[in-house]
Amino acid sequence: MPRPSQNVDQRLLDAGLELLPLTGCAGLSVRRLTEHAGVNLGMFHYHFKSKDNFIRAVLQRTYEAMFSALSLEVDATATPLHNLRGALHVLAHFGRAHRHLLVRILADAMAGEAAAREFLQANLPRHIGIVGALIAQAQQRGEFRAAPPQQVLAFIAAGVASPILIGTAMQGAGGPPEAGALIDEHLLSDAAIEARIDAALRAWLPPPGDAP
């Protein structure tokens, strides 16, 4: 029997990416999903077998698109500091684009949802490994001052990424529209992201007299 069109599974994945930030893993209804995608319920089971398999597929497809862009930012002919800036730019803009999904998945993982927990366990080390390696290379070249790379990584992640998650959680908690607009401007805008990247990198530059 011929395999149904691959367009069906892509429609389901697209619908899942729209619904997961709203429902979380536990709240995602297969029936609501198929109605949202305009797909027969039987096609969901044909392609994904179970809801957990489907959630893993949605999350992995979204992550792999980001990871491909992140990998392209690492240029062997450029300095580690240049590559680190590019990597942080990719990660921060991915975090902003998918902030509602990320906040929900973090909450689901802490609540014990297996698909969310397994996704984070499998993928967090991948991009953390790239950023950590770039930090170590920058230190070896004298572009960063000496410090435990884990400390530098944690500092940069807290400075660049945490405001995106915190701002998203604050907006989700409600409040006056003007408060949400201030979060958009001062935490989520391109200018705010670039300012945080600049500040996070500048904090680890060697004193001017020690620069290579």
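**Close-up views of a helical protein**

**View 1. The largest cavity.** The largest cavity has a volume of about 40 Å³. A cavity is a set of points on a 1 Å grid over the protein atoms alone where a 1.4 Å probe fits but cannot get out. Points are joined across faces, edges and corners, and the volume is the space filled by probe spheres set on them. By this rule, there is 1 cavity of 30 Å³ or more. The model is predicted: local features need pLDDT of at least 70, side-chain atom pairs count only at pLDDT 80 or more, and totals for chains, interfaces and linings use all residues. Residues are numbered from 1 along each chain as its sequence is written, and side-chain values use heavy atoms, leaving out hydrogens and water.

View 2. Which residues line the largest cavity? They are Leu59, Thr62, Tyr63, Phe94, His98, Leu101, Leu102, Ile105 and Phe119. A lining residue has an atom within 4 Å of a point. Helix 4 and helix 6 each give two or more residues to this lining. The lining has 7 nonpolar residues, 2 polar and no charged. Here Ala, Val, Leu, Ile, Met, Phe, Trp, Tyr, Cys and Pro count as nonpolar, Asp, Glu, Lys and Arg as charged, and the others, Gly among them, as polar.

**View 3. The largest pocket.** About 690 Å³ of space lies in the largest pocket. It is lined by 25 residues, and Leu91, Leu124, His127, Ala161 and Leu165 are the closest to its centre. Two or more lining residues come from each of helix 4 (51-72), helix 5 (80-97), helix 6 (99-110), helix 7 (114-140), helix 8 (149-160) and helix 9 (162-172). Helix 7 gives the largest share, 7 residues. The pocket lining divides into 21 nonpolar residues, 4 polar and no charged. A pocket is an open set of points with protein on both sides within 12 Å along at least five of seven lines.

**View 4. Helix 5 and its cover.** Helix 5 has 18 residues. Its first and last C-alpha atoms are 26 Å apart, close to the 26 Å expected at 1.5 Å a residue. The expected span is 1.5 Å times one less than the number of residues. Among its buried residues are Leu84, Leu88, Leu91 and Phe94. Buried means under 20% relative accessible area, exposed over 50%, and partly exposed in between (1.4 Å probe, protein chains only). Helix 4, helix 6, helix 7, helix 8, helix 9 and helix 11 (190-202) are included in what covers the buried residues.

**View 5. Helix 8 against helix 9.** Helix 8 and helix 9 pack at an angle of about 35°, with their axes 4 Å apart. Ala157, Ala158, Gly159 and Val160 of helix 8 meet Ser162, Pro163 and Ile164 of helix 9 in this contact. The residues of the contact divide into 5 nonpolar, 2 polar and no charged. Contact means heavy atoms within 4.5 Å. Axes are lines fitted to C-alpha atoms, for helices over the stretch in contact, and angles run from 0 to 180 degrees between N-to-C directions.

**View 6. Gln151.** Gln151 lies in helix 8. Is Gln151 buried or partly exposed? Gln151 is partly exposed, with a relative accessible area of 44%. The C-alpha atoms of Gln151 and Ser189 are 26 Å apart, and 38 residues separate them along the chain.

**View 7. The setting.** The protein has 11 helices and 0 strands. Helices (H or I, at least four residues) and strands (E, at least two) are DSSP runs, numbered from the N terminus. Of the 212 residues, 39% count as buried.
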